[in-house]
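Me: Can you walk me through this one? I'm new to reading structures.

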Amino acid sequence: MQLSSRLNEYVIALNLPIFPENRAERFKKFFCSILNKSDPAITAENIQIPLKEGNSQGFAFIKCKDASSARNLILTADYSPIDKNTSARLISPDQFSNYLKGDKKPQQLEVAPLPKKPQNFSWYLVDERLFDQIVYSVNKLPRAAWFNHTNASVEDITLPNYIQSTDDFFFSPDGSFFVTRTGNRISTYCGEDWMQFSVIEYPNLKDYYYSPSGRYMILQGDTGCERDNPHKPIGATVYDMLTNTSLLRLCVDRDYSKNIDFGAGDIVLFQGKTEMRAFYPPDYKKSESIKQVFDHFDPSRTDKVLFTFREAVKSTPPRIAFYSTENFDLLYSISSYNAVDAYCVWHPNLAVCAVVVTTSAKNHKKTSMTVYDLQNPKNVLTYNVQDIKGMIVTCAWDPAKDYLKVSAIVEAAGSKQIRLFHITKNINQIAAYTTSGTNLQYSPSGRFAVADDINNGSVIVQFYDMECGLIKALDMDGIESIEWDPSGVFVMTASSRPSGGTAGYSIWLLDGNKVINKKLQGFKKCLWRPRIMILDQKDYDAVSDKVDEAVKKYGRFGAVDAKLLEEEKKQQKVKQMQKWRQFTNAGAYSHVQSKKADEFEFRIKVNLEDDS
């Protein structure tokens, strides 16, 4: 067991050049400088190069600080370039054992070849372990850059001149569309060339957000309205972003943030004064309703399940209930006595959620947490967390699908803890770590997380390995946002108002080591470009035929197909000519009128020939 633990601290580098023994120390220093971009703790003494008959053998052993550092090095430094034609492969000892027994070749990944300039290859094909895209704004002008995982470098992308100053910007959930908001105008850009796709003007624009698939968007006005006005769409409007058409308009009151949301399958859930109603894509004409209103509701974005909480009404106690958004069938319901509030945190990939309930008895408030597993709606499983002994500040799910782990930040006796729970047949607390944060974000790949309290002015950011504990705590004065990259290896922090120095963004490894520090005058905001999600067959079946028609007509990324439009114009002219001939053949016109018809037919033929 001890031997296995030591082996896990090593990384094997393959595909290295062959050189004589007297150049080994020089190569160690060179290779160390490459690896330091991923792990600054590695020195030349940590690199061992086996020799045979006075020459190297094309591979080396790298001793890391621990097994976690070894895994991180493989993730971030694999395919590191040695020269113009050679890249080093980094593998684990287990893979090296298979390599020695097998065909002498390490397992290759199917990735796009490394180009000289990243913007010359497709974002949709590049492997997420090699490159990410970043978009940020300087003096309200959006800018973009490639982030290279292998050497932790940034290379700017030239954006088209028509992407002008903007108040805000964001991406569609799959990263296909870049969206800007300027005043009351929403502009979308798509494809590898960032070409403009559509422009929507919406009066008194206040809020906007995408559906889970990225096809639809809800735009909301700043003012509520009592009745619908087709000439002035204030309230909330659902748009089909592929065809740039308005599909559904709803009148909402001023507190609209609690009344409308997207659920799984792009279902729109809207709560009026007396009922909750679900509208279904693609045209949102079909709807179902339930004659109830709730104090809180939160739909899952991966499964068609809805969480609801209703406070006590007369003699009816507070109640937590789950409904199917397909038909509002009740899946599970439980009374929650003395509850004054409840909120739900859904698992990012499964129909599983953690519900935190606040109860009040004799002017004393306390919180409890229950996990609901709704993956089988006919057999809903519940797991109650016992003896919290404190107030739950927030909770977050490990996004992995092969196990269920949820973390909660609990405040008790003036201090806070991150408590990690594992759900199997029961729910058990498996770890507890001291923290100063009130917000917890898991890596998209799971296991690693960052905790912060920037919303309350704290400057401490803590990096955790949730299986081992705190990795590093850093003082990041002035930061305003923290975001994981899609691969789950890097963390980006941004600040537009630092207390000292220049605004900009920084990129950190998941263990808290800084790899990029970009200072920019006039910097405002920074985002990673999301990755395209892998759709299953159910998702494909839910997509309307209109999508295929739109893609056929407008091109893969929204570019208008000029040849197709020309064909449509010709077909319209032919149909016009045929209709005219039908009139003349009906005998309702004289010889002179027939002659004019022939002249008209001749003109159309000439136009068709000119067009061709």
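**A buried arginine, a helix and a sheet**

Reply: Let's start with Arg529, which counts as buried because its relative accessibility is 3% (buried means under 20% relative accessible area, exposed over 50%, partly exposed in between, with a 1.4 Å probe and protein chains only). This is a predicted model, where local features need pLDDT of at least 70, side-chain atom pairs count only at pLDDT 80 or more, and totals for chains, interfaces and linings use all residues. Residues are numbered from 1 along each chain as its sequence is written, and side-chain values use heavy atoms, leaving out hydrogens and water.

Me: Where is the place of Arg529?

Reply: Arg529 is in the loop between strand E43 (523-528) and helix H5 (537-542). Helices (H or I, at least four residues) and strands (E, at least two) are DSSP runs, numbered from the N terminus.

Me: Which side chain does Arg529 join in a polar contact?

Reply: That of Gln133, at 2.7 Å. A polar contact is a pair of N or O atoms within 3.5 Å; within protein, one must be able to donate a hydrogen and the other to accept it, and residues adjacent in sequence count only if both atoms are side-chain atoms. A polar atom of the Arg529 side chain also lies 2.8 Å from the backbone oxygen of Gly175.

Me: New topic: which residues of H2 are buried?

Reply: Ala24, Phe27, Lys28, Phe31, Cys32, Ile34 and Leu35. On the other side of H2, Arg26 and Lys29 are exposed.

Me: And the sheet with E31, what's the strand order?

Reply: E31-E32-E33-E34, an open sheet with antiparallel pairing (two strands pair if DSSP finds at least two bridges between them). E31 (391-397) and E34 (427-435) are at the edges with a single partner strand each, so one side of each has no neighbour in the sheet.
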